[in-house]
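Dear colleague,

I am passing on the structure below, and after it I set out what was found. Please read the notes with the model open beside them.

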Amino acid sequence: DREARIVSTIENVVAAKFAALRLRGAPVQFVSRDYFGVFLDTRVDYRQPDTATTLHPHFTEIAQSFPMKLERNRTGRTIETLWRTEFTLPLSPGPNAYYVSLVPQLSLLNKFGFDLDAPVSDVFSLRPADAVENCLVFVHSGRGNHYYLGDRRRIAFFQQEPDPFLDGRYFNGLGRFLLLRVERPTEKFYLRIAATRSLLSGRTAWSQTARVYSTTETRLGDLGDGAFNRIIGPLQPLEHRGAWFVAIDFEDIPKTIVGPRTGLKGLYHEGIPLDYRRLIGWARDISAVSEEKMAQLVRPTRVADFPADLVNATGLEFAGAYEDGWLSPRSEFTLGPSAAGGVLRLRGAAPDLARTPAGPATLLVTVGGREFTLPVVAGAFDWLLPIPAASLTTKVALRFSSVATLPGADARPVGAKLENLELLPALPGRIFDYSTVGAPRLAAHGIDQDGWLARRATIEVPALAAPATLEIKFECPALAGAAPNPLQVALAGVPTSAGHVLEPANYSTLRLPLPASAVPRTLTLEAATDYPLPAPDTRRRIARVLQLEIIP
């Protein structure tokens, strides 16, 4: 039906031209930008043209453009303002029948739920209106300009470029503000934003005041440094003159990228950027997701394949992580369902780099609302943290008390490098080696990676469906001034009768009955005194933990 109204959601200038050619003769409405306002030179008055203009071989045809544009502006478009930004709103005289869009692989928007590895058979997708739902369209506005002939200080996003973290993926340079029109929205939906600043040396942190505008104002929260994939909502789009809108303000000032110059190039014009764009980062996708699709969202229970797990993240929500696995000082992950009595496995390594501020570094891990404090020392770690209760989604937050900076031009602020974050239904085995650095072990504070035990230490014991016995094997070297050292034991804050004495120059085993429990418990070990380790080691310790075993 050549009279059927078609709406174009295309934001790419060249693609919009080709779509117009392929749909020639049909009424097509371009809502992303007023392209005619950009390309038709309204300074030429074709009613009284100069001689040079009349020499055009198709003057009769092009002379029609000026009055046609004036009539179109009078009857088909209006200037509106939302969220302190002005934009052009095309007016629809009737219902929309079709939508023409770029396929998801070629656009920044609306990638959620699509297979980005699928072959691209056509640049365009033409869909009936009733097959379209929550389709986002970028709208050129005063605060967020289109990249073509826009104000460089206010460009919202740029054309696609290869994503250096994963072959076959693309992202778009990102500005501060985006006004988005929502075509055929559901009553409420979620806004998915996937973006990164990992490549912005010296400014990898996202603004903590970034927000989304809809009928309400919603903060994006603490995004940390590096990349994030966050789903915000539910939101209700703002209706304005028959159209629906949301907007994103990243609350940051876009800046040019000044890359390092080596050799002779380093002697000249270091302050002149080779890339003209002013950016706050790069975006991989911005999509609107219905409540129904959110209810069907499958969240992973394991993150271990870097960078693919983060670049391709859909059900995995995260923030404050770099694509190669390094964690920023503050990071968050939302994983899938966890079981009662299960554990979170956190495996990685802390860099042997100077940290700030000075003092013992710690990692505060929050799992399902329960906090665990773990020591951070250079080297590998493999912690097993008990999960407080079964849940359909498991939220994990990591906070490092001190920050290390990667060397050289990288200069990213990091806490540690993540190798595996995984939900397990139960403990992986019953024997745990505390004397080997990097071996998997129950989460503990006051036990060094090499097993040395501080005067006071805690061990996190997971929930147990049946009674068990806990055995801890100690090695007590003959340290200077060492004497028999009574060890007080408490379980969940209640002192136990399992008293134990650490004898110098001896091995010993603590046996403690563990009643069944539906929730995790903390085991506390506290000695009367501690002793200095031989020089050059400056630590004061009481003994060395060799092995821990939970015996059914």
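Val14, Phe18 and Leu21 make a nonpolar surface patch of about 300 Å². Patches here are made of residues with over 30% relative accessible area and no salt bridge, where like charges are joined within 9 Å and nonpolar side chains (Val, Leu, Ile, Met, Phe, Trp, Tyr) within 5 Å; accessible areas come from the Shrake-Rupley method with a 1.4 Å probe, and for residues only the protein chains shown count as cover. A salt bridge is a side-chain nitrogen of Lys or Arg within 4 Å of a carboxyl oxygen of Asp or Glu. Valine 14 belongs to helix α1 (residues 13–22), helices (H or I, at least four residues) and strands (E, at least two) being DSSP runs numbered from the N terminus.

This is a predicted model, in which local features need pLDDT of at least 70 and side-chain atom pairs count only at pLDDT 80 or more, while totals for chains, interfaces and linings use all residues. Residues are numbered from 1 along each chain as its sequence is written, and side-chain values use heavy atoms, with hydrogens and water left out.

Phenylalanine 177, in strand β10 (residues 177–183), counts as buried because its relative accessibility is 2% (buried means under 20%). Leaving aside neighbours within four places in sequence, its contacts (heavy atoms within 4.5 Å) include Trp83, Arg143 and Ile248; isoleucine 248 is 71 residues away in sequence, yet 5.7 Å away in space, C-alpha to C-alpha.

Finally, an open sheet of three strands runs in the order β24-β29-β30 with antiparallel pairing, and its edge strands are β24 (355–356) and β30 (413–414). Strands count as paired if DSSP finds at least two bridges between them; arginine 355 has alanine 404 in β29 as its bridge partner.

Best wishes

Note on methods: Buried < 20%, exposed > 50% of the residue type's maximum accessible area, 1.4 Å probe, protein only.
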